[in-house]
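Subject: Structure for you to look at

Hi there,

Here is the structure I promised to pass on. Have a look when you get a moment, and my notes follow below.

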Amino acid sequence: MAGKKKTSSKGSKGKKGAAAMWGGRFSEGMAPSMERLSVSLSVDCKLYREDIEGSMAHTLGLFSAKVLNAEERDQMLAGLRGILVDLESGADLFSSSDEDIHMAVERILTERIGDLGKKLHTGRSRNDQVATDFKLYIMHRCEDLIEQIEGLQRALLERAKEYRKDLMPGYTHLQQAQPIYIAHYLLSFFFALERDKSRLQHTWETAGEMPLGSGALAGSAFPYNRKMVAERLGFPSVTRNSIDATSHRDFALEFLGALSCLGVLLSSYAEDFVIWSTSEFGFLKLGEAYTSGSSMMPQKRNPDSMELVRGKAGRMLGAYSRLFTVLKGLPHAYDRDLQEDKEPVFDAAETAEVCLQVMVEVISTLNFQREAISKKMLPALLATDLADLLVENGISFREAHHLVGRIVAEAEKLGISFLELPIVAWKDIPNATTLRKRLTFTSSAERRNIQGGTGGQSVSVQLEEAERLLID
């Protein structure tokens with residue numbers, strides 16, 4: 001990663017740097033306060049790879065437009081490669097005179113190859129340069145995050161196979177509802193993540209139009225082979241309107257929207273794991289490396305990893321709101337407000353990356369406590385099955401619901417389960433003795449082999465589908 005930008009306590013160096021790049025129109029440099037407001041290198045230095053890759057492709061575009069000859073092209077490409085190698089190795093090449101990563105790279109190149117470096121910006125504005133770099137960054141992060149999500153899906157799939165025959169209570173409103181297989185629960189996480197992948201893939205496609213060649217807003221005046229440059233950078237296509245290319249940041253909003261959805265999903269399952277790891281539930285144990293202790297209470301083993309993942313969702317949602325607020329009401333074409341687009345994107349991308357990494361490791365190391373889960377499964381989980389069995393005996397569901405609800409309420413008054421009531425309390429239930437024998441947790445789950453249900457056959461189909469999705 002590139003080193004941190006060196007700052008100057010005075011404005012003199014910044015003034016000289018700015019004058020060298022765009023100061024011909026000005027007789028005075030920036031005020032120190034304006035420099036503090038304007039300089040963005042400490043944020044956008046994270047784009048150095050994309051900026052240099054974009055400049056190398058732009059060099060080829062300038063060669064195709066006959067702005068550069070073959071010798072100049074090769075010298076410029078070698079200079080840019082050298083800068084990339086040095087930055088990748090951790091060299092601190094930045095100066096307090098650099099306003100942003102784009103000017104920094106151009107300055108370093110000019111210092112290394114002489115006046116030829118001043119030709120690099122021909123036919124290009126920072127407006128289309130920034131948009132290109134930013135789109136490349138988001139495309140790269142989409143690829144990385146999709147790969148990480150698939151890693152989480154693989155971990156979930158392996159644990160689903162491990163727990164495919166183990167039952168647990170399914171919950172709605174945090175109340176025990178119906179028996180489900182643990183594998184069915186884990187696969188619910190798997191398939192939800194599939195939609196997060198699709199959102200990131202669509203974001204990649206939205207970002208996949210290359211802005212280079214659009215100039216400030218009206219397009220380059222040079223015969224620039226945009227298609228060739230786009231192919232070099234991995235863009236599927238080029239932008240169709242130069243104003244649109246330099247002004248809009250919907251691709252960044254879509255990226256942050258996708259990460260917000262991902263953050264909320266991770267938070268939801270993290271919440272389950274926090275609750276289920278309490279002594280009151282005791283359904284699972286997190287790997288010790290993903291918990292922490294208390295500075296005061298020696299007995300504590302807190303699920304901090306999941307609490308932090310849960311909290312980070314707010315950070316990703318905040319990044320989305322922040323950028324949306326910046327963009328609201330901007331006039332057309334590029335405005336300097338757009339400098340504020342990168343920090344929330346960088347922060348959200350890095351937050352999503354670490355949350356996914358932790359969640360993969362947590363899923364891979366957590367253990368469901370089969371015996372504890374079994375002891376906590378309440379007979380009331382079978383109430384819906386009794387109503388369904390009554391329907392099979394010719395009673396309407398609404399009437400069956402009423403009959404079962406009445407005996408459940410009676411049992412609740414006595415502090416017992418409805419299966420513990422004397423048979424006389426079931427006087428309104430036809431074939432009561434036979435039906436009671438059919439009410440088991442396993443039979444409840446196995447009655448639900450409908451597509452997508454929790455039955456064993458259905459879960460097997462889901463496991464096969466999950467395998468196929470990861471192979472495809």
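Which residues in H11 meet which residues in H13? Before the answer, please keep in mind that this is a predicted model.

From H11, the residues involved are Ala252, Phe255, Leu256, Leu259, Leu262, Leu266, Ala270 and Phe273. Their partners in H13 are Pro344, Val345, Ala348, Ala349, Ala352, Cys355, Leu356, Met359 and Ile363. By class, this contact has 17 nonpolar residues, with no polar and no charged ones.

As for the geometry, H11 covers residues 250–276 and H13 covers residues 342–365, and their axes come within 10 Å of each other, crossing at roughly 30 degrees. Angles under 35 degrees count as roughly parallel, so H11 is roughly parallel to H13. The crossing of the two helices is left-handed.

After H15 comes Gly394, which has a positive phi, near 95 degrees.

Is Glu412 buried or exposed? Its relative accessibility is 65%, so Glu412 counts as exposed. The C-alpha atoms of Glu412 and Asp44 are separated by 63 Å, and the two residues are 368 residues apart along the chain.

Best wishes

Key. Residues numbered from 1 in each chain as written. Predicted model: local features only at pLDDT ≥ 70, side-chain atom pairs only at ≥ 80, totals over all residues. Heavy atoms only, no water. Axes fitted to C-alpha atoms, helices over the stretch in contact; angles between N-to-C directions. Helix = DSSP H or I, 4+ residues; strand = E, 2+ residues; numbered from the N terminus. Parallel < 35°, antiparallel > 145°, perpendicular 65-115°, else oblique. Left-handed = near helix turned anticlockwise from the far one by under 90°. Contact = heavy atoms within 4.5 Å. Nonpolar A, V, L, I, M, F, W, Y, C, P; charged D, E, K, R; others polar. Buried < 20%, exposed > 50% of the residue type's maximum accessible area, 1.4 Å probe, protein only.
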